[in-house]
Amino acid sequence: MDPTWLTNALHHHTAAFTAAAEGGDPALVVPTCPEWRLRDLIGHIGQAHRWAAGMVRTGQPDAVPDPREADPPADWAGWLAEGATELADAVCTSDTVVPTLLGPGPAVFWLRRMLHDLVVHHADACLTTRRTTFEVAPDVATDAIDEALGLLSAPGAEALKPALTELRGTGQKLLLRNENTGWLITRTPDGIRYRHGVEAADVTVTGPVRDLLLLLTRRLPPARLAIEGDHALLDHWLTRSAL
């Protein structure tokens, strides 16, 4: 987890999110988060970056804020850029263990988590306003998939998200595959396990890494990718693995 690489990607997607959201009606419903309006999406980004930065600075956990209580200023584009800088600066000057979703850990956890949360919401903004096309660099999309699967399979993840217990299994395998790599997910009696590699699986999903990320985050329907094998197994995964 290179802080410089993460910081550069965070600033890039903050600017890309802003370009996608600018000019959109704040009351627009976000189709992939229908309980939110575009204003809530903007508020969430600026609010979340400051929330994470605060925990890094203080070393103390803080309750997850409600994006509908955020109050973006008139210059919300500048506010978002400032929030990204605040988070990056807090992480890059921290040398202590901080609270994370899964217990104490390095401050860079929050830079990575907020980057990939932002990447997905960049896609949401594109889908909401239809002003720009969602694009993500392959290395960023690859790391986003790695991070998501790492969180889902981490010790303590089921305590944080009890629905993950329904993803336990008896060895069923899902393979996500693109032109460069693959992610083999196995449902074991003790929970989810994954590794990089390509081998026979009960269901295989093949496509560009961007589309695999959007599928995993339920921003792209399965029909848009090539699927071979047990479609029901994939559907079961998608309905129970939301972060």
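How many residues does helix H2 have, and what is the reach from its first C-alpha to its last? Helix H2 (residues 38–58) has 21 residues and reaches 30 Å between those two atoms, close to the 30 Å expected at 1.5 Å a residue. Helices here are DSSP runs of H or I with at least four residues, numbered from the N terminus, and the expected span is 1.5 Å times one less than the number of residues.

Before we go on, a word on the model: it is predicted, so local features need pLDDT of at least 70 and side-chain atom pairs count only at pLDDT 80 or more, while totals for chains, interfaces and linings use all residues. Residues are numbered from 1 along each chain as its sequence is written, and side-chain values use heavy atoms, with hydrogens and water left out.

Back to H2: 17 of its 21 residues are buried, so the helix is largely enclosed by the rest of the structure. Buried means under 20% relative accessible area, with over 50% being exposed and anything in between partly exposed (1.4 Å probe, protein chains only). Just after H2 comes Gly-59, with a positive phi of about 75 degrees.

Now turn to helix H4 (residues 108–129). Its 22 residues should span 32 Å at 1.5 Å a residue, and the 31 Å between its end C-alpha atoms agrees with that. Of these 22 residues, 21 are buried, so H4 too is largely enclosed by the rest of the structure. Arg-130 follows H4 and has a positive phi near 60 degrees.

For pairing, rings of Phe, Tyr and Trp (its six-membered ring) need centres within 6.5 Å; planes under 30 degrees apart count as stacked, over 60 as edge-to-face and the rest as tilted. Trp-51 counts as buried at 12% relative accessibility, and Trp-110 does at 2%. Phe-109 and Trp-110 also make an edge-to-face pair, at 5.1 Å centre to centre and 90 degrees between the planes. Together, Trp-51, Phe-109 and Trp-110 form one aromatic cluster.

Finally, look at the largest pocket, with a volume of about 1000 Å³. A pocket is an open set of points on a 1 Å grid over the protein atoms alone, where a 1.4 Å probe fits, with protein on both sides within 12 Å along at least five of seven lines; lining residues have an atom within 4 Å of a point. Grid points are joined across faces, edges and corners, and the volume is the space filled by probe spheres set on them. The lining has 37 residues, and Arg-113 and Asp-117 are among the closest to the pocket's centre. H4 gives the most to this lining, with seven residues.
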